Each structure stands twice: as structure tokens, then as C-alpha cells.
Amino acid sequence: MDQNKSKDSKKDKIKKIASLIVLIALLVAIIVVGVVYVNKTNEEDEKELPYTELIKEISNKNVEAVEMTVGSTTVKVKLKGMQEGEEKITIVPNTQVFMELIQQQALEGNEINVNQKPRSILTVIPSYIMSLLPTLIMVALFIMLFKMQGLGDKGEVYDETERKIKTTFDDVAGLDEEKEELIEIVDFLKKPEKFIEMGAKIPKGVLLYGKPGTGKTLIAKAIAGEAGVPFISMSGSEFIEMFAGLGASRVRKLFEKARKMAPCIVFIDEIDAIGARRTGSSGAESENNQTLNQLLVEMDGFSTEETIIVLAATNRPEMLDKALLRPGRFDRQVTIPTPDLKGREAILRIHAKDKKLAENVTLKGIAEDTSGFTGAELANILNEAAITATRNKHEVIEQLDLDEAVKKVTVGLEKHSRVISDKDKKLTAYHEAGHAIVSQYLPTQTDVKEVSIIPRGLAGGYTMYKNDEDKYYISKTEMEEKLIALLGGRAAEKLALDDISTGASNDIEVATQVARNMVTVYGMSDEIGPISLKNDNGELDYQMFGEEIEDKIGREVNKLINTAYMDAQTILREHMDKLHEIATALLEKEKINEEEFKKFFA
Ligand code: ADP
Ligand code: ZN
């Protein structure tokens with residue numbers, strides 16, 4: 001995800017939370033005021049005179065006057081000897097009975113001045129409001145909620161429309177072929193007449209497929225920047241809302257705005273959130289359907305002359321409703337891959353531009369160590385390196401800071417503070433030494449770069465391997481040896497300590513996954529052969545060819561894992577001396593680098 005964008009959506013979240021807090025504060029205030037008000041009228045401090053007391057005072061001929069209000073049970077009482085303006089207040093249970101009592105007293109010679117007041121607005125309104133209060137609060141709540149949903153607030157729904165997009169293709173590193181493909185869109189946005197005159201059909205929608213952080217948003221923005229047109233963006237997940245029909249209305253508004261701003265780019269991130277294949281009719285799904293249908297209607301509705309190009313991004317193309325891919329909709333698809341070695345170096349270079357790097361720093365080395373990393377992760381490494389350099393009080397970012405940043409991003413932060421028992425340390429030392437030694441003896445496995453028993457992230461220790469090249473294909477032998485290396489940790493625990501631990505759980509998980517893929521996806525098992533068990537949705541379905549195949553899969557996966565585990569033990573048994581040596585060295589130094597590791601095998 002775009003970092004700026006995620007900052008923006010964070011801001012949105014903060015805004016939402018802030019308005020929620022304001023709302024809650026308001027409610028609390030209203031309730032407090034209400035309670036205080038009710039208490040006040042009930043008590044009126046020391047002015048209150050209990051009804052029984054009032055009756056006593058009346059029979060004692062101690063009451064000079066009472067003032068009553070029509071429709072109110074509150075009676076103001078003036079006792080004899082009270083000063084002008086002084087009064088007591090009594091709540092009378094039944095005004096009718098009270099009046100009769102006073103008349104009775106008058107007949108008996110106890111004359112009390114009765115002052116009848118018409119119903120006053122001031123006394124009526126508060127109680128009226130009090131009874132309406134719950135309704136008022138509910139109404140206020142609903143209005144706030146609707147506002148938060150973005151019904152009225154355009155600023156929340158659209159971003160980057162008013163600002164001019166400064167991003168260009170120069171800001172997008174690697175992806176040369178993809179840029180080549182998309183430059184056509186730029187031309188069209190710049191000079192639509194030329195194409196229309198020629199009778200050319202211009203695509204309305206382009207789907208960008210790729211993992212998060214590969215630069216889909218970036219490239220969409222760059223297209224807008226290159227063409228000098230507005231960029232209207234929205235995330236698919238924002239369309240899915242609490243209230244039914246809201247998603248569809250948001251889509252309508254989005255395109256209303258786009259029409260006004262055309263020529264322009266409409267960017268829909270995470271389109272799978274609305275464009276998921278239509279199934280069933282449960283609540284959430286039918287809401288999605290409405291939203292998706294609206295999107296289809298809008299896309300079919302505008303003509304190519306309107307020059308709106310919809311770019312949408314997803315990392316789950318298999319999830320999309322096929323209707324989205326029909327001609328006149330997203331009929332173009334561009335895959336945005338994770339960058340290769342050259343691409344990674346180029347991306348690092350772009351993001352290093354605004355950072356102070358030491359002269360001897362080699363970005364190429366970092367690119368070599370980060371195979372499989374996305375652009376966002378690479379950008380993050382440089383940012384982390386800058387933070388590390390600052391923390392280390394370096395003048396500029398040094399190689400050390402960069403290496404630390406790579407590790408931070410790959411295995412999490414080193415945790416020196418965690419106290420580890422000696423027993424755990426020993427176990428980790430043998431476990432990691434096991435991984436490292438086993439892979440050292442496997443021809444297809446890359447060299448060990450660092451072995452450590454300092455906990456990082458969730459791992460108690462780690463073994464880092466070198467990444468020399470980007471591979472497009474992985475051979476069966478390589479995968480088998482990968483399994484052996486993965487199980488090297490567990491094998492070492494068993495041989496050296498005669499016990500096994502939960503420390504290998506992640507290794508086992510990964511190994512099982514690799515073995516399963518070998519059998520069910522890559523067709524690498526003898527018994528089953530080259531068959532893929534992926535269904536049309538790209539999901540694994542073991543029962544696709546019946547139970548017999550399912551049984552076979554289990555047996556084949558088992559065989560692969562057990563063979564690898566045996567092989568790992570065989571290698572380690574042959575090199576027990578090295579296992580003890582390296583584990584001991586790890587316990588002593590906690591960390592062994594590439595050179596130090598190689599010395600054990602000299
Ligand atoms: P996506 O939309 O695919 O999830 P983004 O476009 O949001 O990815 O990328 C996130 C950030 O990663 C970008 O803002 C940029 O800083 C960086 N980035 C990703 N790919 C590239 C690239 N090819 N060149 C330069 N920077 C990139
Ligand atoms: Zn392990």
C-alpha cells in the first residue's frame with residue numbers, strides 16, 4: 001500500500017475516532033446536565049419542604065400563602081414570618097386533594113392565600129424536552145453515523161482530486177515493460193480526439209494485478225501525473241458499508257464526480273472487496289452485489305468520449321466476478337510483478353535519493369539480499385536504515401545501518417532484553433547449527449550468511465542464507481534439498497540432545513507446505529504424476545479426483561518429509577564434530593557471520 005495513502009486513511013480513522021469521542025462526550029454532557037437538572041428541580045437545595053411537613057405547618061396555621069401552577073404538582077409555599085421573596089417548595093401528590101384541604105382550612109378560619117398561576121412555558125418546556133431527550137439523542141446519533149459513512153462528506157470519499165499529481169513514470173522504478181504498456185493510456189488521456197477520429201476503441205478499464213506494495217497505486221498515480229489529469233481514488237473496502245445501499249450510492253457519487261472532472265483517472269484499490277464473484281444472497285453478499293452492479297452500470301454508462309479511465313488494483317484476480325472482465329469494462333489486465341534484482345536496485349536508488357548515504361554503501365548488495373521483496377518493503381528498508389542511523393548517532397547512513405534494517409524488516413527486531421534460560425539457548429544453538437550445517441552440504445542450497453541465537457521477532461534464533469540470484473524455476477532436487485535444510489534444525493535437536501522441541505514448529509509448517517505443493521501443484525510425485533489439484537478458483541481441492549488420490553497425496557507428502565528428515569540426520573551424523581563445534585561457538589558468541597562460518601569447513 002502507498003505509504004502516503006495509508007497515512008491519509010490513518011488520518012481518516014483518527015478523524016472518525018475523534019468524532020466518535022466528541023459524540024460520546026456530548027452524550028455524557030447531555031446526560032449529566034439532565035441528571036443535574038432533574039436533581040435540582042427535585043431538591044431545590046434546602047428550599048424543599050416535605051408534603052407531610054407542609055400539612056403540619058398548615059394545621060399549625062403557619063402557612064401564609066401558596067402558589068400553584070396549572071398542571072404542575074410543585075407548590076411554592078410562604079410560611080408566616082418569611083421575608084419577601086423567600087419561599088419553600090413542596091411536591092404535592094395530588095393537587096385536587098390539596099386544594100380541597102386548603103378550602104377546608106379556610107372554612108375553619110385558617111385562611112391561606114392561594115395564588116393560581118397559568119401553565120408557564122418555562123415550567124412546561126424542560127419536562128417536555130426531558131421526555132424527548134432519548135429521541136433527540138437517537139436522531140443526533142444517526143446523523144453523525146451517516147456523516148461518518150461519508151454520505152455528505154466528500155473530502156473523505158475522494159482524495160488527491162484537487163491537488164495536482166506530481167508523480168511521473170520516473171518515480172516508478174523497474175516495471176519497464178508495464179510502463180510501456182500503460183503509456184498508451186497516457187496518450188489517450190492527453191489527446192483523446194486523435195484516437196477517436198481514427199475510430200480506435202480505447203479501453204475503459206485496466207486491472208492491475210499484483211501483491212500489495214508492488215507499486216500499483218504508484219503507477220496509477222504516475223499515469224495521471226504524466227497525462228496531467230485528476231486522480232480520483234477510492235479503496236474497495238470503503239465501499240462495503242454498514243448500511244445497505246450505501247456502497248452503490250458511493251459508486252454513483254464517485255462517477256458523478258469523475259464525469260465532472262473528465263478527462264481523469266478513477267483508481268479503485270482492492271477491487272476484490274466489491275468485485276468478488278457473486279454468490280448466494282446473504283446480507284453482506286447482496287450488499288456487495290448492489291455495489292458491484294452499480295459499478296458495472298457506471299462503466300457501461302460512460303462513453304469513451306468522456307475519457308474516464310478506471311484503473312483497479314487487486315492481488316486476488318481469481319476472486320473477481322467474471323462480469324468485470326467483459327469487453328467495455330476491465331478488458332485490459334496488466335500484471336505488476338515483484339521486482340527482480342535490477343528492479344530492486346533501481347527502487348532502492350529512487351528511495352535513497354532523499355537520504356544521506358555513506359559513499360561506500362552498496363545498494364546492489366542490499367538488492368541481492370532482498371529477493372522477493374516488494375517496492376514498499378524496499379522503501380521501508382531505507383526508511384528503517386535512516387532511523388537506525390539516527391539512533392546510532394551516525395552522520396550518514398552506513399552499511400551497518402542498512403544491514404540492520406534488512407534484518408529488522410526480514411526477521412523483526414533483535415531482542416537483547418529477553419532473558420533466555422541456558423537450556424533454551426543450548427537448544428537454539430544446536431537447532432540453528434543444524435540448519436546451517438545441513439545446508440552447507442547440500443549443493444543446491446545457497447550459502448549461509450549469518451547464524452544467530454539472539455531472538456528476533458517470534459523466532460528464538462535464525463539462520464540467514466545468501467540470495468545470489470533471482471530464480472524463475474525451482475527444480476525438484478532443489479525443493480527436496482530445501483526440505484532437508486528446513487528439517488536440519490529438528491534433526492540436530494534429536495541427535496545432540498536426544499529430545500525434540502516445539503522450536504521447530506515453523507520449520508515443519510513450511511516443510512509440509514513445500515512438500516504438499518510439490519505433490520499437488522507441481523506434479524513432482526511419482527505416484528500421482530503431473531496433476532494439479534487446483535480448481536478453477538485457484539484453490540486446492542484434494543478430493544477433486546476422489547478419495548484414492550487424496551490418500552495418495554497424504555502418503556506422498558509423508559514420504560517426502562520423512563526422507564528429508566532421515567537425510568538431514570544422516571548428514572549431521574557424519575558431521576557431529578562440526579555440530580558440536582558450531583553450537584558451542586554460537587553459545588559463546590551468539591552470532592556467527594559468513595566468514596566465521598566458512599572457517600569451520602576450511
Ligand atoms: P500497491 O498499490 O501495489 O499496494 P503502492 O503503489 O501503494 O503499492 O506502493 C507503496 C510504496 O512502495 C510506493 O508509494 C513507493 O514508495 C514504493 N514502491 C512500490 N513499488 C515501487 C516502484 N516500482 N518504484 C518505486 N517505488 C515503489
Ligand atoms: Zn528452524
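The model is predicted. Keep that in mind throughout.

Let's start with salt bridges. How many salt bridges does a search of the whole structure find? It finds 18. Side chains of opposite charge can pair when their charged atoms come close. I'll take a few cases.

Start with Asp300 and Arg329. These two form a salt bridge, and their closest N and O atoms are 2.7 Å apart. Where do they sit? Asp300 lies in helix H12, residues 283–301. Arg329 lies in the loop between strand S8 (308–314) and strand S9 (332–335). So the pair ties together parts that are 29 residues apart in sequence. Asp300 has a relative accessible area of 41%, so it is partly exposed. Arg329 is at 12%. Buried means under 20%, so Arg329 counts as buried.

Next, Arg349 and Glu345. Their side chains meet in a salt bridge at 3.1 Å, N to O. Both residues lie in helix H13, residues 341–352. They are four residues apart, about one turn of the helix. Is Glu345 buried or exposed? Glu345 is buried, with a relative accessible area of 16%. Arg349 is at 45% relative accessibility, so it counts as partly exposed.

Lys466 is partly exposed, at 26% relative accessibility. And there is a network here. Which residues are linked in this network of salt bridges? They are Asp447, Lys466, Glu594 and Lys598.

Now to the aromatic rings. The count comes to four aromatic pairs. One of them is Phe188 with Phe195. Their ring centres are 5.9 Å apart, and the planes stand at 85°. Planes over 60 degrees apart count as edge-to-face, so this pair is edge-to-face. Phe188 is buried, with a relative accessible area of 3%.

Another pair is Phe231 with Phe267. The centres are 5.8 Å apart, with 25° between the planes. Under 30 degrees counts as stacked, so that is what we call this pair. Find Phe231 in strand S6, residues 231–235. Find Phe267 in strand S7, residues 264–269. So this pair ties together parts that are 36 residues apart in sequence. Both phenylalanines, Phe231 and Phe267, are buried.

There is also a ring cluster. Ring pairs link Tyr441, Phe597 and Phe601.

On to the surface. Which residues gather in a patch of negative charge? Asp176, Glu177, Glu180 and Glu181 do. Take Glu177 as an example. Glu177 lies in helix H6, residues 176–190. Its relative accessibility is 65%, so Glu177 counts as exposed.

There is a nonpolar surface patch as well. Leu20, Ile24 and Val28 make it, and it covers about 250 Å². Leu20 belongs to helix H1, residues 3–43. With a relative accessible area of 39%, Leu20 is partly exposed.

First, Glu57 in helix H2, residues 51–59. Glu57 is buried, with a relative accessible area of 17%. Glu57 and Lys80 are 23 residues apart in sequence. In space, C-alpha to C-alpha, they are 9.6 Å apart.

Then Gly488, which is found in helix H18. What is the relative accessibility of Gly488? It is 0%, so Gly488 counts as buried. Its C-alpha atom is separated by 7.9 Å from that of Ile437.

Find the bridge between Asp300 and Arg329. Find the stacked rings of Phe231 and Phe267. Then turn to the surface, and look for the negative patch that includes Glu177. That's my tour.

Definitions and conventions:
Residues are numbered from 1 along each chain as its sequence is written. Chains are lettered from A and ligands numbered from 1 in the order in which they are written. This is a predicted model: local features need pLDDT of at least 70, side-chain atom pairs count only at pLDDT 80 or more; totals for chains, interfaces and linings use all residues. Side-chain values use heavy atoms; hydrogens and water are left out. Rings of Phe, Tyr and Trp (its six-membered ring) pair if their centres lie within 6.5 Å; planes under 30 degrees apart count as stacked, over 60 as edge-to-face and the rest as tilted. Buried means under 20% relative accessible area, exposed over 50%, partly exposed in between (1.4 Å probe, protein chains only). Helices (H or I, at least four residues) and strands (E, at least two) are DSSP runs, numbered from the N terminus. Patches are made of residues with over 30% relative accessible area and no salt bridge: like charges are joined within 9 Å, nonpolar side chains (Val, Leu, Ile, Met, Phe, Trp, Tyr) within 5 Å. Accessible areas come from the Shrake-Rupley method with a 1.4 Å probe; for residues, only the protein chains shown count as cover. A salt bridge is a side-chain nitrogen of Lys or Arg within 4 Å of a carboxyl oxygen of Asp or Glu. Lys and Arg count as positive and Asp and Glu as negative; His and the chain ends are not counted. The place of a charge is taken as NZ of Lys, CZ of Arg, CG of Asp or CD of Glu.
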